[in-house]
There are 2 protein chains.
Amino acid sequence: MAVDLEQALQARKARHATFEGLHYHLFSDDCPDVPRGTAVFDGQVVYGYPRIGRILALNPALAEQFAGPFWMEEKVDGYNVRIARVQGRAVALTRGGFICPFTTDRLSDLMDLSVFDSEPDLVVCGEVAGPDNPYLESSAPFVAEDVQLFVFDFMRRNQAEFLPHGRKHALLERFGLRSARDFGRFGPHDLDAIRTILRELNGQMREGVVFKEDAPGGRRAKYVTSNSSISDIRTTAYSILELPPEYFISRILRLVLFLDEQGLGRSNVLDERLGAAFMDGLAEALRQFHAERKVYHTFRCRFRERRNAQHMVSHLKRAATRHVHLSQRSLRREGDYWVLEFDRVYPTLNGLLQQLLSGGLMFD
Amino acid sequence: MAVDLEQALQARKARHATFEGLHYHLFSDDCPDVPRGTAVFDGQVVYGYPRIGRILALNPALAEQFAGPFWMEEKVDGYNVRIARVQGRAVALTRGGFICPFTTDRLSDLMDLSVFDSEPDLVVCGEVAGPDNPYLESSAPFVAEDVQLFVFDFMRRNQAEFLPHGRKHALLERFGLRSARDFGRFGPHDLDAIRTILRELNGQMREGVVFKEDAPGGRRAKYVTSNSSISDIRTTAYSILELPPEYFISRILRLVLFLDEQGLGRSNVLDERLGAAFMDGLAEALRQFHAERKVYHTFRCRFRERRNAQHMVSHLKRAATRHVHLSQRSLRREGDYWVLEFDRVYPTLNGLLQQLLSGGLMFD
């Protein structure tokens with residue numbers, strides 16, 4: 001498949017980028033046959049990971065989306081990466097197609113890179129999850145520290161499609177790669193079995209599942225637990241003023257629909273947890289504001305190479321907006337690693353608190 | 001004080017209106033010395049009720065806003081009206097300066113109108129509260145049915161200022177007018193006594209208080225309970241998509257600040273009630289949508305005169321927006337009254353539910 005890079009560059013839908021002397025291009029927007037996040041290294045294409053649509057109710061959506069059987073895999077709460085060997089070195093690409101300095105630095109901790117000796121054109125697709133990551137405050141509950149990689153798909157360079165399910169499992173096993181849990185093969189009418197698994201995942205505070213038809217270009221859909229919706233609300237309290245009201249409402253609706261689907265109905269415990277999700281973040285923001293006159297979250301992650309931590313800070317600063325500022329706290333040696341700490345500061349929430357707490361009159 | 005109506009009309013800050021053969025003008029925007037909501041009948045001016053600013057923490061705001069003593073009165077959860085006799089008949093004006101067909105129809109039930117025989121230029125300012133009103137879903141907990149008037153200020157025609165506190169109480173007593181509770185006179189440092197009253201009001205699910213300096217043009221400020229903030233969230237679930245995110249966040253912050261002020265801290269019960277406030281409305285919306293494919297609230301109120309009910313429907317239809325439609329259900333005789341029922345329908349929430357529940361994929 002040919003990728004028309006020149007045309008995309010002219011239309012400003014692709015751009016040039018560099019990392020440690022490596023020059024590449026990435027698609028910052030969808031183009032015909034080329035999804036956003038696609039990266040091109042010397043004519044070698046690593047296709048973007050396609051967006052997966054969400055269903056809000058298993059019934060009737062599974063039957064509407066899937067004519068036949070599908071595999072059900074766990075959806076891990078982390079950030080999406082594609083890992084490939086390009087120009088002789090393994091790199092990790094973000095969803096947007098940038099080389100991630102953090103993930104790339106830590107690749108030897110995340111997976112057995114000898115997979116690329118046997119399969120040099122393989123693209124490993126997975127989720128990086130864990131508390132010590134530079135992007136997300138939330139984290140899969142089963143990763144206690146640092147980060148781990150959970151592989152869920154393989155592609156090949158210059159090919160937009162995923163390897164079939166059987167081939168994927170053979171590769172996972174052969175190279176001992178950690179993968180997202182595979183719950184097996186189901187049909188659109190196995191609602192009871194699917195619901196039972198989701199109830200268990202919900203009880204363990206896990207995010208949800210992805211349904212994948214095992215066919216070239218097969219359909220896919222994701223579905224999340226009610227606890228995942230509550231967790232989303234909790235972790236976004238600080239950027240709440242930048243989000244559209246739909247953000248919260250659709251999560252509360254997902255939650256209500258999940259309960260409906262499970263025949264569970266409302267409970268006081270759930271109401272309490274939803275209320276706490278809204279309150280916790282804002283109460284913490286107030287506490288911070290009283291103590292330090294600013295509202296921020298501290299992130300921490302560790303690197304093998306000092307210069308990659310510096311690349312990461314530059315990368316994040318370029319991505320900062322007027323709604324979220326970035327401020328480095330420290331970069332220090334701890335054992336074999338360099339530990340980076342930085343804050344995301346939220347000027348809009350800060351401004352609102354300033355106004356509310358000044359003792360002046362509010363007209364609303 | 002002269003009101004420059006001509007200039008305001010030219011600037012489209014005032015407009016003409018009629019009610020039952022009565023012609024008048026109202027200020028739809030603030031003008032110099034003339035607040036929004038001011039109405040002019042044949043050169044007689046009924047000034048708009050001024051907006052009262054809100055404080056979010058008694059400490060330090062009371063000391064910042066008030067140099068000396070002030071009266072503390074209950075803030076009643078209802079809608080603001082000004083009642084005056086113009087061209088020989090008593091009418092009730094909304095906050096925006098329109099004659100309210102409902103309140104005007106029910107004036108003889110709400111107060112002793114002989115006050116205008118003795119004091120023809122009096123303007124009675126108060127809150128109409130109760131479950132059977134055409135504007136609000138929420139209602140003061142101490143009005144069990146229909147509506148009641150709670151007077152909290154007097155003005156005179158052609159004068160923008162309020163009568164002093166002593167004169168107000170003399171008039172209330174003389175004409176047996178029901179008034180908002182007056183908790184007495186306090187100073188900015190009587191924080192303990194003020195907090196105790198607010199804790200009691202909160203326990204009774206009441207809205208809050210207004211602080212009023214007893215001097216010509218004296219300062220005023222309002223302060224609400226945490227339960228009032230929860231109630232606001234509950235009653236706005238249906239119009240949630242039209243409200244800015246600040247609406248919810250500032251209420252959750254008020255709630256956290258009220259607890260701080262009371263030295264109460266967080267509680268599971270409060271978290272649960274906040275969560276329920278978000279969930280109740282949306283769960284009800286889903287139930288309605290499943291059963292009737294539309295999301296609406298039904299209002300009910302009763303009139304002495306059938307034609308006033310019809311005026312009210314026209315008035316509300318003119319005020320409806322693309323976000324809220326109005327649909328009459330019924331108008332029927334019950335005893336001495338005509339009972340009007342109508343629905344407010346919420347097309348934006350309706351559209352979102354349609355999209356979420358279609359069984360299709362959502363990309364968010």
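Biologist: What should I know before reading the model?

Modeller: The model is predicted, so local features need pLDDT of at least 70 and side-chain atom pairs count only at pLDDT 80 or more, while totals for chains, interfaces and linings use all residues. Residues are numbered from 1 along each chain as its sequence is written, chains are lettered from A and ligands numbered from 1 in the order in which they are written, and side-chain values use heavy atoms, with hydrogens and water left out.

Biologist: How many residues of chain A are in contact with chain B?

Modeller: Contact means heavy atoms within 4.5 Å. Here 52 residues of chain A touch 51 residues of chain B.

Biologist: What is the area buried between chain A and chain B?

Modeller: Buried area is the accessible area (1.4 Å probe) that two parts lose on being put together, summed over both. For chain A and chain B this is about 4,700 Å², and carbon and sulfur atoms give 71% of that. Leu253(A), Met279(A) and Leu361(A) supply 14% of what chain A buries against chain B, more than any other three residues.

Biologist: How many salt bridges cross the interface?

Modeller: A salt bridge is a side-chain nitrogen of Lys or Arg within 4 Å of a carboxyl oxygen of Asp or Glu. The rule finds 2 between chain A and chain B. One of them joins Arg266(B) to Asp280(A), with the closest N and O atoms 2.8 Å apart.

Biologist: Which element gives the most to the side of chain A that touches chain B?

Modeller: Helices (H or I, at least four residues) and strands (E, at least two) are DSSP runs, numbered from the N terminus. On this side of chain A, α10(A) gives the most, with 14 residues.

Biologist: How is a pair of aromatic rings described?

Modeller: By the distance of the centres and the angle of the planes. Rings of Phe, Tyr and Trp (its six-membered ring) pair if their centres lie within 6.5 Å; planes under 30 degrees apart are stacked, over 60 edge-to-face and the rest tilted. The count is 29 aromatic pairs over all chains. Phe70(A) and Phe211(A) are edge-to-face, 5.3 Å centre to centre with 80° between the planes. Phe70(A) lies in strand β5 and Phe211(A) in strand β11, so the pair ties together parts 141 residues apart in sequence.

Biologist: Are Phe70(A) and Phe211(A) buried or exposed?

Modeller: Buried means under 20% relative accessible area, exposed over 50%, partly exposed in between (1.4 Å probe, protein chains only). Both Phe70(A) and Phe211(A) are buried.
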